[in-house]
Amino acid sequence: MAMLLEACLGGSTSAAKLFRNTATHPNQNHPHLLLPLSPSPSFQKYVVRYKKSWNDGGVVRASTTAERFDGSASALLERPWKTTDLRLVLEDGSIWRGKSFGSSGTQVGEVVFNTSLTGYQEILTDPSYAGQFVLMTQPHIGNTGVNFGDEESQQCHLAGLVIRSLSPCVSNWRSQKTLSDYLKERNIMGISDIDTRAITRRLREDGSLIGVLSTDAFKTDEELLHMSRTWHIVGKDLITDVSCTEPYEWKDATSDDWEFSNKVNTSNDTKLHVVAYDFGVKQNILRRLVSYGCKITVVPSKFPASEVLKLNPDGVLFSNGPGDPSAVPYAVDSVRSFLGKLPVFGICMGHQLLGQALGGKTFKMKFGHHGGNHPVRHLPTGRIEISAQNHNYAVDIASLPEGVEVTHINLNDGTCAGLTIPAMKVMSIQYHPEASPGPHDADPAFYDFVQMMSQNQA
């Protein structure tokens with residue numbers, strides 16, 4: 001060891017002796033040899049670091065003292081790596097400590113897990129995640145950075161992001177900034193370096209849990225636990241905050257570089273007018289409808305049905321959205337107003353609202369469906385679709401009245417994934433036909449809706 005130290009210190013036995021005899025770390029029996037504080041031709045100007053850590057209100061902090069061998073003044077240096085500075089406190093009493101990225105502060109939300117392997121940016125900007133902490137089961141997140149072309153809305157709506165590992169670098173030709181910078185600009189908290197597998201198992205066994213993220217060292221664990229146990233997401237109207245405030249026309253179609261279907265309207269001739277109720281609509285839903293030849297007018301969630309009829313649409317879309325469908329009876333009334341008058345297509349939240357409008361009931365699932373790998377069977381044909389899903393509520397099949405046909409079943413748990421009443425020109429699916437992220441198996445649903453409107457015109 002002495003010979004090694006002498007070699008590292010340019011053959012200086014006195015420096016090596018100083019290194020061996022110096023004070024050591026209070027918790028370890030060895031000092032740490034590091035590079036010089038500044039470039040120097042002399043190998044003798046090395047430093048010794050003494051690391052010290054302490055607990056400050058539940059947050060582990062660290063400092064390092066460095067001293068040069070030539071006797072110059074010592075300095076207090078920060079560790080070159082981030083320490084745990086963020087807590088996730090769940091309502092079951094478990095406390096998970098990790099590293100923060102994005103913004104700081106204290107935030108409460110419902111923790112759900114998402115099994116998608118890619119597409120974290122689309123997930124961040126999906127309005128259906130309002131009020132929720134999204135835990136990614138894919139461990140490595142952030143390696144492709146962020147680009148504005150993949151956004152599903154103009155802002156991030158989720159309450160926080162929970163991941164195992166944040167990529168220290170970005171490698172993608174489309175990237176415009178890092179994930180951490182992107183979240184910080186949008187005031188979204190993120191936590192990394194925690195055991196996401198253990199939390200996922202807990203959610204699967206116990207169901208979705210309310211949690212609190214906090215970087216505030218002055219808040220005790222008990223205070224955060226109380227917050228998690230007194231905040232509720234069931235019964236909250238989350239649609240109003242994510243919906244647009246004024247009607248507008250959407251014109252963008254899927255770009256040629258990303259188009260994958262041979263059934264789209266290549267002539268760019270818009271023949272069918274669709275009014276889309278914005279309950280938190282994803283932009284790629286609108287793009288797909290435009291690609292299939294539709295003119296789109298987007299209206300707020302509380303837009304009167306009578307005003308929609310004045311626009312003389314060929315069909316009405318009820319979009320995806322966050323939260324409990326039972327908390328928005330005004331939206332159920334809107335759906336009911338169009339039944340039997342115009343072709344209707346419901347997606348995700350729109351599907352649940354349609355189920356209630358037809359006389360059925362919805363229920364909160366144990367941990368919901370969130371991910372891009374959910375198998376669904378189309379009952380009339382037996383076709384299997386791998387679908388992208390994001391919902392915590394489902395339509396109760398047993399509560400549906402006679403005449404409502406269940407068209408799709410989720411193969412993981414047998415829940416209702418699609419409805420239709422052909423005579424009333426009504427159709428809906430519980431999952432996302434636009435995917436983004438996810439497979440394109442369900443894209444034909446847009447074509448089916450267009451065909452329904454065309455037949456209604458004939």
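How much space lies in the second largest cavity? About 110 Å³ lies there. This is a predicted model: local features need pLDDT of at least 70, side-chain atom pairs count only at pLDDT 80 or more, and totals for chains, interfaces and linings use all residues. Residues are numbered from 1 along each chain as its sequence is written, and side-chain values use heavy atoms, without hydrogens and water.

**Terms**
- On a 1 Å grid over the protein atoms alone, a cavity is a set of points where a 1.4 Å probe fits but cannot get out; a pocket is an open set with protein on both sides within 12 Å along at least five of seven lines; lining residues have an atom within 4 Å of a point.
- Grid points are joined across faces, edges and corners, and a volume is the space filled by probe spheres set on the points.

**Largest pocket**
- The largest pocket holds about 790 Å³ of space.
- It is lined by 32 residues, and Glu-122, Asp-150, Arg-174, Trp-258 and Ser-436 are the closest to its centre.

**Largest cavity**
- The whole structure has 2 cavities of 30 Å³ or more.
- The volume of the largest cavity is about 150 Å³.
- Its lining has 17 residues, with Gln-132, Pro-322, Gly-323, Asn-392 and Tyr-393 closest to the centre.

**Second largest cavity**
- Here the volume is about 110 Å³.
- The lining counts 16 residues; Asp-126, Lys-282, Gln-389, Asn-390 and Pro-437 are closest to the centre.
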